[in-house]
Amino acid sequence: MGDVILKNGTIYTADEIADLSDDEKANVIAVVCIVGEKTYAMGLEQYKGTWDNIAAIASEYGSENNIPTEFSQNWTVPDKDLLNAIFANKDLINKSLQAIGEKIEVLAEDEYWSSTENGDSAAFFQIFDEDGEQDDTTKTHEYSVFVIREWKKS
């Protein structure tokens, strides 16, 4: 958890980030999140939007952020269970983001949408504060969004 992925697919451990050159840090495209048996890449950017916009944010993420073609597809917004697992590791993830010099903490204290709906007009979100409460609300609220993709180097 907290490892970083460069544009060429190379993964550096959280302990190795301090030894990366400035060029290598500039080529980081994601932070690694391991949940259960799966490895995910978490994008470095965050967005604000209503729930109805999250699919577009995810589908455009690779092309809008100059992600190499082989890694530019299949970005998605985490479901509520995966979002909760990421919340549980937010301090490790933020430590890695700070080490590569990101000016914005992707996992700031904010409300984050999940991709999990609760009926036709509501969806789940999670507050990334000290409590990490999950709840559902109408899809018209503007909350933060980050994207992930299952990571398998081609």
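Q: Which residue is the bridge partner of Leu6 in S3?
A: Val28. Keep in mind that this is a predicted model.

Q: OK. How many bridges join S1 to S3?
A: There are 3, and the two strands run antiparallel.

Q: And on to S2, what's the pairing sense with S1, and over how many bridges?
A: Antiparallel, over 2 bridges. S1 covers residues 4-6. Ile5 faces Ile11 of S2 there.

Q: Zoom out. What is the strand order in that open sheet?
A: S2-S1-S3-S4-S10. That makes 5 strands, with antiparallel pairing.

Q: Which strands stand at the edges?
A: S2, residues 11-12, and S10. Each has a single partner strand, so one side of each has no neighbour in the sheet.

Q: How many bridges join S3 to S4?
A: There are 6, again in an antiparallel run. Val32 has Ala41 in S4 as its bridge partner. Ala30 sits opposite Gly43 of S4.

Q: What do S3 and S4 form, and how many residues lie between them?
A: A hairpin, with 2 residues between the strands. Gly36 is in the turn, with a positive phi of about 65°.

Q: How many residues of S3 are buried?
A: Of its 8 residues, 6 are buried, so S3 is largely enclosed by the rest of the structure.

Q: How many bridges pair S4 with S10?
A: That pair has 3 bridges, antiparallel.

Q: Switching to helices. Which strands does H4 lie across?
A: S1, S3 (28-35) and S4 (38-43). H4 spans residues 90-99 and runs at about 165° to S3.

Q: What about H3, which of its residues are buried?
A: Leu82, Leu83, Ala85, Ile86 and Phe87.

Q: What do those buried residues of H3 pack against?
A: Both strands and a helix. The strands are S3, S4, S6 (111-117), S7 (122-127) and S10, and the helix is H4.

Q: Which residue caps the N-terminal end of H3?
A: Asp79. One of its side-chain oxygens lies 3.1 Å from the backbone nitrogen of Asp81.

Q: Now rings. How many aromatic pairs does the structure hold?
A: The count is 9. One of them is Tyr47 with Tyr61, where the centres are 6.4 Å apart and the planes sit at 90°, so this pair is edge-to-face.

Q: Where do Tyr47 and Tyr61 sit in the chain?
A: Tyr47 is in strand S5, residues 47-49, and Tyr61 is in helix H2.

Q: Is Tyr61 buried or exposed?
A: Buried, at 1% relative accessibility.

Q: What's the geometry between Phe71 and Trp151?
A: Tilted. The centres are 4.6 Å apart, with 35° between the planes.

Q: How many residues separate Phe71 and Trp151?
A: They are 80 residues apart. Phe71 is in the loop between H2 and H3, and Trp151 is in the segment after S10 (148-150).

Q: Are Phe71 and Trp151 buried or exposed?
A: Phe71 is buried, with a relative accessible area of 0%. Trp151 is buried too, at 8%.

Q: Which residues do ring pairs link into a cluster?
A: Phe87, Tyr112, Phe128 and Phe146. Phe87 also features among the buried residues of H3.

Q: Which ring does Lys80 lie over?
A: Phe124, at 4.7 Å from the ring centre.

Q: Last topic, backbone. What is phi near for Asn66?
A: Near 55°, which is positive, in a residue other than glycine. Most residues other than glycine have a negative phi.

Q: Where is Asn66, and is it buried or exposed?
A: Asn66 is in the loop between H2 (54-64) and H3 (80-88). It is exposed, with a relative accessible area of 58%.

Q: And Asn74, what is phi near there?
A: Near 70°, again positive. Asn74 is in the loop between H2 and H3. At 61% relative accessibility, Asn74 is exposed.

Technical notes: Residues are numbered from 1 along each chain as its sequence is written. Side-chain values use heavy atoms; hydrogens and water are left out. Helices (H or I, at least four residues) and strands (E, at least two) are DSSP runs, numbered from the N terminus. Buried means under 20% relative accessible area, exposed over 50%, partly exposed in between (1.4 Å probe, protein chains only). Rings of Phe, Tyr and Trp (its six-membered ring) pair if their centres lie within 6.5 Å; planes under 30 degrees apart count as stacked, over 60 as edge-to-face and the rest as tilted. A charge sits over a ring if NZ of Lys or CZ of Arg is within 6 Å of the ring centre and within 35 degrees of the ring normal. Two strands pair if DSSP finds at least two bridges between them. Contact means heavy atoms within 4.5 Å. Axes are lines fitted to C-alpha atoms, for helices over the stretch in contact, and angles run from 0 to 180 degrees between N-to-C directions. A polar contact is a pair of N or O atoms within 3.5 Å; within protein, one must be able to donate a hydrogen and the other to accept it, and residues adjacent in sequence count only if both atoms are side-chain atoms.
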